[in-house]
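Here is a short briefing on one protein chain. Look over the sequence and the fold, then take the points below by topic.

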Amino acid sequence: MGSDRAKFCDLCEQSIKPRGWVTHRKACEKNSQKRAQDQRIADSIRQRKGALDLQYREYQLDDIKVEHHPKSGIPTQIFAFSDFTRHPAHHSSWSAPEPNAKPWRPFRSCLEFDVAEIALEAALNNEQTDHLVDICHRCAAQSEKFTFRNHKDVRAKWDAVSQRFTGFTKDVISIPFADKTWDFDVYYRDLWEWATDLLRDPHLFPYFHFDAQCLAKFNGQSFERFVDEPFTAQDFWDAQSQLPHSAKPLAFILYADKTKLSSFGTAKGYPVVARLANLPTHIRNSQGMGGGYIVGWLPVVKEDKAHAGKPAWANFKATVWHKSFERILSLLAAKSKTGQWLECLDIVQHWFFPLILILSSDFEEQSTMVLTHGVRALWPCPVCLVPHDKLSDMSHCYLRCTSRDSEAILATVRERETADEKEEVLKDYGLRDVVNSFSTVSSTDVHRALSWDKLHFHSGSLWSDHLWVELQKYINSLGREKMSQVDKSYQAFPHWRDQKHPNQVMNISFTDNSTHEDISKMIVYVTHNILTEADCPLGYLLLCCVRLYLELDMYASLEVHTTETISSGRHTHLAFAALLRQYINKTIESDKNWNFPKLHMGLHIFDDVEAKGATRNYNTKPNENMHGSLKDSYLLRTNFRDVAEQILRINTWQVAADHIRRRLFEFDDHQRQLDEEDFLATVVEHPVSTSNSFHVKLGSKQPPLTFDAIQTAHQADQAFINFRVKLNGFLNVLLPSLSIPLPEGKHIHLRGTDEITEHRFICINYESMVDWRQHTDYLRSNPRFFGSPRFDCVFIRLTENKVILGRLVFCFECLVGNNTFPLALVHPFDVPTGLRTRKDKDLNLYRVRARPRAQAQFFPVRSFIRGALLIADGPSDYLVVDTADTDMFLRIKMMHLEAEHIVRI
């Protein structure tokens, strides 16, 4: 019976008699708490130890950490660098459908689409299209039906295929002013329907990113954050933080800018371009599917002489702009407040909240968007509250503007009783009493969305209108001979891929900002021997400013930013600001005004990078590239009356044509893969044809030549002295180093009658130091490239820790036994240059010195890292042009550090 009265203790799993139960239970609970505490301490120690083990033992150099937003529900992941891909989370569960077997529909045949596409691209008028159709009827084969009879039939098909895409709506807005009502036409697409067109495209959907990400790269000690796309930056993260759990931000990038349609500028257009920040840059900034789409056409208010220049007229134009833009945003605004459910192609219902993440525009449009008075305002910056007389002082940061503050000011204005009182308040803040159209879209702060624009703020303003104008003033003061020397230096400047090469720059006006950008990249290397400290002290000081401007521009151009590059960019901006202030103080008696907003806007470059990613995400250049087709449509396809509707119809046809053409390419590729069973295996196993080299391919193959013939052809070139003998010695060292046995175990002894094959083109695939992706250089080693000799330079890796530069002399393939070796004769530039001169330090120049040409050496082309742009500075010295591209800039920066060159910033 006693055992029946016993109680069971669940803590120690024993039966206890009732008499001792209370004492036992208290002791047992105390012991249990102590054991739990000990366990927590042990677990904590184990976790810390595990974290340390992960940090210092498990992580490998360059590992990538991907941290998704907590509301995504996706755990943090660590990838080996070689395994890291930029696919969104839903990518693994999605497979693209089979290509459409008849992608040309609703055209009756691919032939009819081809003919209609040619007529569209060539901007044929109605009569010319009829004539083309007539020719096709007479020449077409019977395998495909050709039913077009005239332009009317072609137009009907374009209109039919355009129904697949969100079309334009025309509205009229009426604005009262000066005792009458003014009517304006505004054209717009439904932004939500346009976005859903992209979300439902099976070829785009796998690339959409719906969740914010924080990316970091392991540098051997810790994970260093990097940003590139908008969804890897802070504003996208913050936007998702404001949304309900499981909701997704659908982030829009909008651009608006007037453009001249006619040569004399009498006809103007005002397109609005939209892109989705959820797509990666290579799609979003492209032309065509997934890239920029014209989604609106704003009215251009013609100047009225009776009102022009009056504040009321400026307010009226701002009202027209925002009422028109409000119409474009209207269908998006409601959904931004409650969100919108949409079933995507992954058969998942997504809850999207649209917002305007980025506004891309020039300063004039930015002032209109935030409703300030622009350059005349007391607070002219659309981003921060810098006083109008402090724009050239870039050493201070000012309080940022917000939409909430602006709306509060306007609310205060509307409480004032008289117009004078209202105007006094507005003047103090530099605002206009107009309702801002962007206030209708939730989670959108127009001041935050505005972004620094490299095209208009640097190349098209700070450089073209100020630094370059000042530099030319000093060059002109040195006389005609120096002016001519500058032009001759530009003519002689080595050519480089994707870089314009002006032959004359002095006292010539360029309207293309891209040309100005290329001129600026060369200027230091062209003028460093002209604007010397002895001959022109102020010109030399300005040139030092320009050099810092270029370094700042290169940091701003980086496609991927790490914590370190952002910090270096900020320091460079401070150094530029300080040196420019020094120059301004020394030229204070001149009439040059450095107090302009676009100079000040450089203060926000790296704030925007941290908030919205790399500057290419909001550069206006991809959008302005779309102006060309609009101008062509105006000139070739309109009757010059009511042109907006005609231009937008052609634009819709072009979008449809691009869509069909891409589907045709995909279908053809699919068919080709089916016909070639080993196609996929070839692509995966051999992504690049390397001609026995890992990342280099030789091209422009020449007829084989004997060593005797080569020696004769180059007998005047000291680099070819003992060419065959040197090659024998080189190969006898190279083959054993590659663990390749010498033929028949004997030393190689090539004869004069043996042949090698020259190549005059080299394609080098290399990993960029900026974005760690593969990029390509196309190099020449050609004595007659378009009538002139061109022998490019290369970075050469000698050892793991040593890199030199050199110039290509002769590239060839040499057969030894059963192996073909791609090799190159190179003139090395690795002679020590001695102590750096003051000029090289001031201008941050990287100087190399060539060996005597007779000491040219052989290298396997696999030792080439990438191409290099060098310019001669004397008989044997060369300067590396690190402004050629962003990878070159970072590569030379590293070489500066390895050479222990003093860093100025």
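Strand β22 (residues 793–799) runs antiparallel to β27, and four bridges hold the pairing. The model is predicted.

- Strand β27 covers residues 864–868.
- β27 is mostly covered, with five of its five residues buried.

**The whole protein**
- The secondary structure comprises 28 helices and 29 strands.
- The C-alpha trace spans about 110 × 95 × 80 Å along the principal axes of the protein.
- Of the 905 residues in the protein, 50% are buried.
- Among contacts with a separation of 6 or more, 67% link residues 24 or more positions apart.

**The β5–β6 hairpin**
- β5 pairs with strand β6 (residues 180–189) in the antiparallel sense, over ten bridges.
- The two strands form a hairpin with two residues between them.
- Alanine 178 sits in the turn and has a positive phi of about 55°.
- Phenylalanine 177 has lysine 180, in β6, as its bridge partner.

**Aspartate 171**
- Aspartate 171 belongs to strand β5, which covers residues 168–177.
- Its side chain makes a polar contact with the side chain of tyrosine 188, at 2.7 Å.
- The side chain of aspartate 171 also makes a polar contact with the side chain of arginine 327, at 3.2 Å.
- Neighbours within four places in sequence aside, aspartate 171 is in contact with Phe184, Asp185, Val186, Tyr188 and Arg327.

- Helix α7 covers residues 234–241, and its buried residues are Asp235, Phe236, Trp237, Ala239 and Gln240.
- The cover over these buried residues includes the strands β3 (64–68), β7 (213–218), β9 (247–256) and β15 (349–360).
- The cover also includes the helices α13 (446–449) and α20 (605–612).
- Histidine 69 lies in the loop between β3 and β4 (77–79).
- Histidine 69 counts as buried because its relative accessibility is 3%, and the cut-off is under 20%.
- The side chain of histidine 69 makes a polar contact with the side chain of serine 241, at 2.8 Å.
- Leaving out residues up to four places away in sequence, histidine 69 touches Ala212, Trp237, Gln240 and Ser241.

**Arginine 547**
- Arginine 547 is placed in helix α17, residues 537–557.
- With a relative accessible area of 0%, arginine 547 is buried.
- Its side chain makes a polar contact with the side chain of tyrosine 525, at 3.2 Å.
- How far apart are the C-alpha atoms of arginine 547 and serine 629? They are separated by 36 Å, and the two residues are 82 residues apart along the chain.

Note on methods: Residues are numbered from 1 along each chain as its sequence is written. This is a predicted model: local features need pLDDT of at least 70, side-chain atom pairs count only at pLDDT 80 or more; totals for chains, interfaces and linings use all residues. Side-chain values use heavy atoms; hydrogens and water are left out. Buried means under 20% relative accessible area, exposed over 50%, partly exposed in between (1.4 Å probe, protein chains only). Two strands pair if DSSP finds at least two bridges between them. Contact means heavy atoms within 4.5 Å. A polar contact is a pair of N or O atoms within 3.5 Å; within protein, one must be able to donate a hydrogen and the other to accept it, and residues adjacent in sequence count only if both atoms are side-chain atoms.
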